[in-house]
Structure formats: C-alpha cells, structure tokens
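Me: I have a model open on my screen. Can you show me how to read its features, one at a time?

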Amino acid sequence: MSSVGAGFRLMRAGWVLVREGVVAALPGEELSGLPKLGWRLARLFTRRRALAYERSDRLAKAVVRLGPSYVKLGQFLATRPDVVGNDMALDLAMLQDKMHTFPKVEAVAAIEASLGRKIGDLYTQFGDPVAAASIAQVHAAETVQAGAATKVAVKVIRPGVRRRFFQDLESYFLAARLQEKYIPSSRRLRPVEVTETLAQTTRIEMDLRLEAAALSELGESTRNDPGFRVPSVDWERTGRDVLTMEWVDGVKMNDIAGLQAAGHDLKAIATNLIQSFLRHTLRDGFFHADMHPGNLFVEANGTIVAVDLGIAGRLGKKERRFLAEILYGFITRDYLRVAEVHFEAGYVPRQHNVSAFAQAIRAIGEPIHGQPAETISMAKLLTLLFEVTELFDMATRPELILLQKTMVVVEGVARTLDPGFNMWKTAEPVVGGWISGNLGPRGLMADARDGGKAMLALLRQVPELAVRTERLSREIDLMAEHGLRFDENTARAIGKAEARYSRSGRIALWVIALTLVYIAWKIF
C-alpha cells in the first residue's frame, strides 16, 4: 500500500508541475513521439495565468504548493546539473527556502521534548520566530552566561517534518526506479543512487546535533583565519531537534545598500569571501556548501560570519590536489598537465588518449585567455570542464559537483558586490600557495610520511591477512568444485524483491493511467 500512496503523491506532484506551467516551460520542441505528446498535453492543462511568468517563477510557485520536502529536493537537484541540466539547475538554485512560521507553542514543546527541560530553565527569554525555512525556524532568545544576559539564536525543527519528508522520499524512490526501468538512457545518471544521496543528506540535515558539530569543526579550522568565522554553539542547549548558537549582529550580504551605508569596502569583502572559501576547500577539505547571501553576514569590523551549516562539503586529498592543479593549469595554460591530473586521479578511464583529452581542455581554456580577467568565470569554466569530461566517460563525482555548485553561488555573490571582480587574480595566492606547500618538497615529505604510516599499518595486519588469504583459497577451491550456490533464504529474498519491484511498477502505471482517464473525462 505504501507504493500505491507513493504513486498518488507522485501524480499529485506531476499535476501541480503541469498546472503551474513548469513542464510547459521545458524545451519540448526538440522532443518526438510520446514525450512530445505529453509536453503538448502539459501545455494544454497549464493555468493561463502561469504562462505569464518566467520558468524560474513557475518553478518557485509549484514548489511552494508542493511543500517543504520539494523545496529541499529542488535545492538538492540544483547541485546536480549532470542530472537536470545547467539551465534547470540555475533555476533551482534560485529557490528561496522561506516558509511560513509555525506557532511558538509548538517550538517550545519540541525544545522541551528534545532537551528534557522546561523552557524557563533553558532561556531567560524566548521570543517569536524571526525566520523560517523548510526544515526549521529560528527564534531570538536570551540566556545567562558568566552572570551576564546573552542573546542567542535558537533553531527548532518543524513538527512532523520528518514524517512528511520520508513519505515524499517514497515517491522519489518510486520515480527513480521507474525511470531506471523504462528509460534506459537515464541509467548512466543513476537516479536511484541520486535519491539515496538525497535521503542521506536530509537525514543529516534533520539532526541539528550534526549541524552543531559542523559549526564546531569549521569554527576550529578557521579560528586563526582573518575576516571569517562561524557562530559558536551552546552545546548545553542543543539536541536532535534544537540548536542554540551565538546571535550574529551584522548586515546580510544580500543587502548591498545596507553594506554601503555601514561603510564597508565591498571589493575587500568579495576578495575575502572567495579566498576564505578556497582556503577552506583546499587547506581543510571541509567547506560550507550553502553560501548564498542570505546565509552570510558582515559584522561592523568587516568580518564575514556564515550561518546555517546544514549542508557541508568534504574533499579528500586527491580531490583537493585535482582542484588546485586544474585551476593552476588553466591559469598557466598547461592543458596537458590538466589532462594528466584527470588520468592520475582515476577520473577518466585509461582507454582514452591523454593528448586527445588535453585537446578538448584546450578548447575550453584558450577562449578564456582572450577575454578580460574580470569577465572570466571560474564556475563556468568548471561547468564546461565537467561537460567535456562526460565525452570521455568520466563518472559522476558528487563531491566535485557540490563544489561546483557552491563555487557558482560564491562567485555570483562576489560579482554582486564587485561587478569588476577578477576571480583569477583573487584565487591565485591561495591556489598557488597550496600547490607550493603540498606539491613541492614539503608536500613530498608529507606524502612520504603518510606512505610510511600506511605501510606500518599494513605490516601490522600481515598475520590477519595471511589467515584471510588461506580461508579465501579454501572457499575458492570449494566454489570451483561445486559451483556458486545461494542458500535458501538468499534465493527467497531475491525472488521477493524482484516480485515487489515489478508489482509496484505495475500498480503505479495503472494508477497513472486511471488518473489520466479521469482528468480527460472531467475536461471533455
């Protein structure tokens, strides 16, 4: 029955997207056959007033009607231009995560249930909500610390939001499975895996203890960084459903007039923002992945304070080296080195030719060097680079795509502050410094030290590895003699899973067909 419910919820979402003109706004003229017929029917059923809006506005209205889980889905898909396309990803990135507030009494109940203490024992004052998003809302409050009243921000999970999200996730999984089954060309995009990533991301974001931990980690790594910080966490008043942190007094970065009135140097803020982001990415391998201007404040002394760390990105050492070398390779026009880095990192299969790949990269880099530096977008360069790598069978790398999305947003914020912003001149000290420190003699010494530690750890496991090898050898001999066999429970489980998969697909198709018949009957 959950599959039936998921099917109905999926159909409702599709109907809302049709009525609000989102489907009609897609480039359907290039389609043929049944997809083009579906697109034409969608145009027929679109609300007349929706046709007057831009595609991004239609999408925003549809998502508001569908609810908070679809806001989060849209924001997640904005990080996956490989799945939805660059144009749609840009539209989704513009979705504002602003929802109606819920009553203060419900917030108080959630806090008391999460922390096991009365609201009066936790806060000397607890005010009305000041902001609300799809997953949580924020209240202004006061506590007493070291004998002094201290203003804090209290983030509280929406009541019932987990149940609603997990219900809608069933619909997303159903859509992904149907897509993989009936649209073979989409299988390379791995829609089920994408949905699993969304589910895991949402689970993490709905546990405010994990956001608090991310704030704490980023706070420690940026403690000595000039001009950037994150709010401190009040762990005593933080739990699964509530996060209490320092209140930030500053001007939001999307308030350009306010920043100018406060006397801030907008060019200096833009430079600080980009260099801070690159420093976190390359030095720490841990970065704020939702740095839109609504999450960035500027204090009176010019320090940038980043809030709302529900989405964070991580890069391993290999990915950091990959990023630094390709950026530096484009700066120095060393396209062969950029190509070699892709192969060394294992991103491009070995059957392809390095020189041919370097030629494709040159086609991206050379036009850039003919433009003024302030017009060159690093984010656009990475977008073009990932498009080219698809031609050479580079598998989807979620961590790099999240980085690309964040860089698009951060660079856009910097250009809003300073229209003549020179991305390459700003990035060169951070990127060049990281390369000299990590790929030069000092970097080789660090790699050798890490290699020695790995070798020592391997030597300690030699006795256990010998036992495992002997056991594996015996099992291979038995398999060669008797063949590969499943036990009865495994075979039964495989049969049940296949039957359930086929049955849910048939039920969903029947429900969709009956709904279309009903709609046609009502209209005609």
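Reply: Start with a definition. A salt bridge is a side-chain nitrogen of Lys or Arg within 4 Å of a carboxyl oxygen of Asp or Glu. Bear in mind that this is a predicted model.

Me: How far apart are the closest N and O atoms of Arg162 and Asp241?

Reply: The general idea comes first. Side chains of opposite charge can pair when their charged atoms come close. In this case, Arg162 forms a salt bridge with Asp241, and their closest N and O atoms are 2.6 Å apart. The pair links distant parts of the chain, 79 residues apart. Arg162 is in helix 9, while Asp241 is in the loop between strand 4 (228-229) and strand 5 (242-246).

Me: Are Arg162 and Asp241 buried or exposed?

Reply: Use the cut-off: buried means under 20% relative accessible area. Arg162 is buried, and Asp241 is too. Across the protein, 44% of the 524 residues count as buried.

Me: How many salt bridges does the structure hold?

Reply: There are 22. Take the one between Glu170 and Arg9, with 3.1 Å between the closest N and O atoms.

Me: Which parts does the pair of Glu170 and Arg9 tie together?

Reply: Glu170 lies in helix 9 (residues 161-182) and Arg9 in helix 1 (residues 2-19), so the pair ties together parts 161 residues apart in sequence. Glu170 is partly exposed, at 34% relative accessible area. Arg9 also counts as partly exposed, at 24%.

Me: Which residues are joined with Arg321 in one network?

Reply: Begin with one pair. The side chains of Arg321 and Glu344 meet in a salt bridge, 2.7 Å from N to O. Arg321 sits in helix 14 (residues 317-332) and Glu344 in helix 15 (residues 335-344), so the pair ties together parts 23 residues apart in sequence. Then follow the shared partners. Salt bridges join Arg321, Glu325, Arg337, Glu340 and Glu344 into one network. Arg321 is partly exposed, with a relative accessible area of 31%. Glu344 is partly exposed as well, at 42%.

Me: On to strands. How many bridges join strand 1 to strand 2?

Reply: Two strands count as paired if at least two bridges are found between them. Strand 1 (residues 125-132) and strand 2 (residues 136-145) run antiparallel and are joined by five bridges. They form a hairpin with three residues between them. Strand 2 also pairs with strand 3 (residues 148-157), in the antiparallel sense, over ten bridges.

Me: Which residue in strand 3 is the bridge partner of Gln137?

Reply: Val156. Gln137 also stands opposite Ala132.

Me: Now the surface. Which residues make the nonpolar patch of about 420 Å²?

Reply: Patch members need over 30% relative accessible area. Here the patch is made by Leu34, Leu37, Leu41 and Leu44. Leu44 is in helix 2 (residues 34-45). Its relative accessible area is 54%, so Leu44 is exposed.

Me: How many helices and strands does the protein have?

Reply: The protein has 22 helices and ten strands. Finish with the contacts. Among those with a separation of 6 or more, 68% come from residues 24 or more positions apart.

Note on methods: Residues numbered from 1 in each chain as written. Predicted model: local features only at pLDDT ≥ 70, side-chain atom pairs only at ≥ 80, totals over all residues. Heavy atoms only, no water. Helix = DSSP H or I, 4+ residues; strand = E, 2+ residues; numbered from the N terminus. Patch = residues over 30% accessible without salt bridge, like charges linked within 9 Å, V, L, I, M, F, W, Y side chains within 5 Å. Areas by Shrake-Rupley, 256 points an atom, 1.4 Å probe, with all protein chains shown as cover. Buried < 20%, exposed > 50% of the residue type's maximum accessible area, 1.4 Å probe, protein only. Contact = heavy atoms within 4.5 Å.
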